[in-house]
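Dear colleague,

Please find below the structure that I am handing over to you. My notes on what was found in it follow directly after.

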Amino acid sequence: MWRAKPEVFWAYILRCSDGSYYAGHTDDLELRLAQHQSGELGGYTHERRPVDLMWSGEFPTRVEALEAESTIKGWSRAKKEALIRGDWAAIERLARRRRSFETGAQPAASSPPQDERRSVPPSVRPEEPKTKSEASRRTAPQQPVIVLVRPQLGENIGKAARAMLNFGLTEMRLVAPRDGWPNPSAGPAASGADIVLEQAKVYETTAEAVADCAHVYATTVRKRGVTKPVVTPEGAAAEMVRAEGRSAVLFGREASGLETSDVALARTIITAPINPEFGSLNLAQAVMLVVYELSRHAHLAMPTVEELLPPAPQDELEGLIGHFEKLLEPRRYFWPESRAEATRRTLRGVLTRPGWNHLEVRTLRGVLSALERPEGERHRDNDDQ
């Protein structure tokens, strides 16, 4: 039965049974939660059930919900938990790059999810475009399309999807997959890249799959008698980032690659500089070579970076240095007197160089306080515990 296009889309965070977090998006939150709980979806949450909904937010379009999901996937655990708490100050404090997205932040334990975007602080919520032209200027360029032509195994489709999402790409198109679509073997192999598989579109011919693309690239190690420009994955990525209009990259079937008729549709051939004596790549490896370069040139995905606290204020550092000097002075550490000033400078340099944050400074102060207490008092403290 035909169903009207939903007006609301959701981004959400689940907590899995092993304590890890999973981010996703959907147009039917209740149904999607049931699918995760039942294991129907396969992928990341299948072996980590039961799952709990920790956060969800409404979005007017699927693109915005997907952007929110992609942003959250790149966040550290601390930042995800700050979002679950609704602690926007903590999110901004943890962020190395400010990436705002408009969302109704609401823990699952409260009333049913609803649009709470007005409650998000203005510093976090981006300003609404005022005109259609303004909105178009703010729209991100469309990502390149990955086209798998007559793929044979569902596992390889899933692995290719995993490679795509690892590097920030989500649009996959399938041309006449041998075993049909959807394929139950694809989900487990995707290892959580469900969004790529769910949105994958199927076409009967390669020409139909790339009909809306202005720039088509074919991946092959053989020229097949067709005279076309040949570039490396890096060169192709640089071209696609600069090009106007959509780009598509064709990948052939596992056994024999692209057919001559498929290559004929492309304007450029992509060939990786691999060992001429052993030029065999599986489908997912070939996809990863290309999407890695695309991500590197277009900044589609960012390396995972541990969120670090800033260095402690100078007064806290001075307190730590003074605490050390207080303990070392009676033990004649700064002796002889003629070397005392130089020794103090050396100690200050050693304690200043690491850039301790305020928690680390407190920990060191605690260690020093424990060491300066008399032995008997330390024993009494342990007995009290």
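This is a predicted model: local features need pLDDT of at least 70, side-chain atom pairs count only at pLDDT 80 or more; totals for chains, interfaces and linings use all residues.

**Overall features**

Residues are numbered from 1 along each chain as its sequence is written, and side-chain values use heavy atoms, with hydrogens and water left out.

The secondary structure comprises 16 helices and eleven strands; these are DSSP runs numbered from the N terminus (helices: H or I, at least four residues; strands: E, at least two). Of the 385 residues, 40% are buried, that is, under 20% relative accessible area with a 1.4 Å probe and protein chains only (exposed is over 50%, partly exposed in between). Among the contacts (heavy atoms within 4.5 Å) with a separation of 6 or more, 75% join residues 24 or more positions apart.

**Two helix pairs**

Two packed helices are described by the angle between their axes and the distance between the axes. Axes are lines fitted to C-alpha atoms, for helices over the stretch in contact, and angles run from 0 to 180 degrees between N-to-C directions.

Helix 13 (residues 314-328) packs against helix 14 (residues 340-352) at about 135°, with the axes 11 Å apart. The two helices are therefore oblique to each other (under 35 degrees is roughly parallel, over 145 roughly antiparallel, 65 to 115 roughly perpendicular, and the rest oblique). Residues making this contact include Leu317, Ile321 and Phe324 of helix 13 and Leu347 and Leu351 of helix 14. By class, the contact has six nonpolar, two polar and four charged residues (nonpolar: Ala, Val, Leu, Ile, Met, Phe, Trp, Tyr, Cys and Pro; charged: Asp, Glu, Lys and Arg; polar: the others, Gly among them).

Helix 10 (residues 233-242) and helix 12 (residues 283-298) have axes that come within 8 Å and cross at roughly 45°. Helix 10 and helix 12 are therefore also oblique to each other. Among the residues in contact are Ala237, Ala238 and Val241 of helix 10 and Leu289, Val290 and Leu294 of helix 12. This contact divides into nine nonpolar, one polar and three charged residues.

**Helix 3**

In helix 3 (residues 77-85), the buried residues include Lys79, Lys80 and Leu83. Gly86, which follows helix 3, has a positive phi near 75°.
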